[in-house]
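Subject: Structure for you to look at

Hi,

Here is the structure I promised to pass on. Please open it alongside this email. My notes follow below it.

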Amino acid sequence: TEVVLEADGLTKHFPVRRGVRDLLTRERKVVHAVDDIRLTLRRGRVTALVGESGSGKSTVARLLAQLYGRTSGDIRLHGDSVTVKGGRKFRAYCRRVQMIFQDPFASLNPTHTVRYHLTRALKIHGRSGDTAAELEANLRDLLLRVQLTPPERYLDKFPHELSGGQRQRVSIARALGADPEALLADEPVSMLDVSIRLGVLNLLRDLKERLNLAILYITHDIASARYFADETLVMYAGRMVEGGDSETVTQNPAHPYTRLLIESAPDPDRLDRVGDLQPPEERGTGEPPSLIAPPTGCRFHPRCVHAMPKCSTDLPPRFELPANDDSNRGHWAACWLYEEGAAK
Ligand code: SF4
Ligand code: MG
């Protein structure tokens, strides 16, 4: 299917604090928020980006949304690099690639109604229509798309008069006001009640199908990636460590970190046994590393039960994993275990 958005070598380092320099080298310290991110979003597909908090996944979304400048790397929309901030190409990009945030309460202005938020989005993107009647029809259409019906019931409400799920639907409607090709959804359901999460994910899936959208779904919940995403990418400590179709990555994970993530995810069928379970053998130990001085080589090596000598010195590239049919083609892992000839 058609590629909408591509990122290549996307890197973002933040200065820690002005003037803080390493005592020995006199170098200014930086946080390696994300390093060398490569991903592709396709029409009508959901790509999940999974990782723990602090893994850099939100930074990736913000870089793709052009909310801050990158340290290096390339972002392409339909093959065309977007480099200069401002200008026609940049504005077109910002219309076609819309972001949905984790906290719909924070992203909506509490002093303005739903009507105000959606009208503004339509106006900014030149889609408000020529007459008041056209505008009204476009507003109704946006609310119908996110299943807030009847629209009249919601148009003149303030954010605090809506439930969390309704607010997130308004945020999605606002994003749709730009008539985007790609949505970047940063933990869109993690602040919502468990009982309504599925409804919002199903809405996004429905929009993906009806509007042929490319969706980046950012989450710490790998189980939801399996349910919702076509493709899954896993991040650890600012780097991507595994990727492939969601079924393969979640059912047959290759990278030791992905296995750890899956094993530590709560299993709804086994909640009664939590606490009885022995830590599985595959399970790594310890905490995610500091991104000011990330581990050399494979960033997971201090926690990895399979670590070999070279893991602490050499950065593992992406190794393609063998496919047995079309469904698991494109599965890869950045891990020395999959180097040709490595003992597994
Ligand atoms: Fe573990 Fe080495 Fe693979 Fe990293 S490269 S995950 S340390 S085996
Ligand atoms: Mg985040």
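One term first: a residue is called buried when its relative accessible area is under 20%, taken with a 1.4 Å probe on the protein chains only. Please also keep in mind that this is a predicted model.

Start with strand 6, which covers residues 97–100.

What does strand 6 pair with? Its partner is strand 7, residues 182–186. The two run in the parallel sense, and four bridges join them.

Now the cavity. The count is one cavity of 30 Å³ or more. The largest cavity holds about 80 Å³ of space. It is lined by 14 residues, and those closest to its centre are Cys 298, Cys 304, Ala 307, Cys 311 and Cys 335. By class, that lining has eleven nonpolar residues, three polar ones and no charged ones.

Which space does ligand 1 take? Ligand 1 sits in the largest cavity. Around ligand 1 there are 13 residues. Coming nearest are Cys 298, Cys 304, Cys 311, Cys 335 and Trp 336. The shell around ligand 1 splits into ten nonpolar and three polar residues, with no charged residue in it.

Two places to look, then: the pairing of strand 6 with strand 7, and the cavity that ligand 1 takes.

Best wishes

Terms used:
Residues numbered from 1 in each chain as written. Chains lettered and ligands numbered in written order. Predicted model: local features only at pLDDT ≥ 70, side-chain atom pairs only at ≥ 80, totals over all residues. Heavy atoms only, no water. 1 Å grid on protein atoms, 1.4 Å probe; cavity = no way out; pocket = protein on both sides within 12 Å on 5 of 7 lines; lining within 4 Å. Points joined across faces, edges and corners; volume = space filled by probe spheres on them. Nonpolar A, V, L, I, M, F, W, Y, C, P; charged D, E, K, R; others polar. Near = heavy atom within 4 Å. Sits in = over half its atoms within 2 Å of the grid points. Buried < 20%, exposed > 50% of the residue type's maximum accessible area, 1.4 Å probe, protein only. Pairing = 2+ DSSP bridges.
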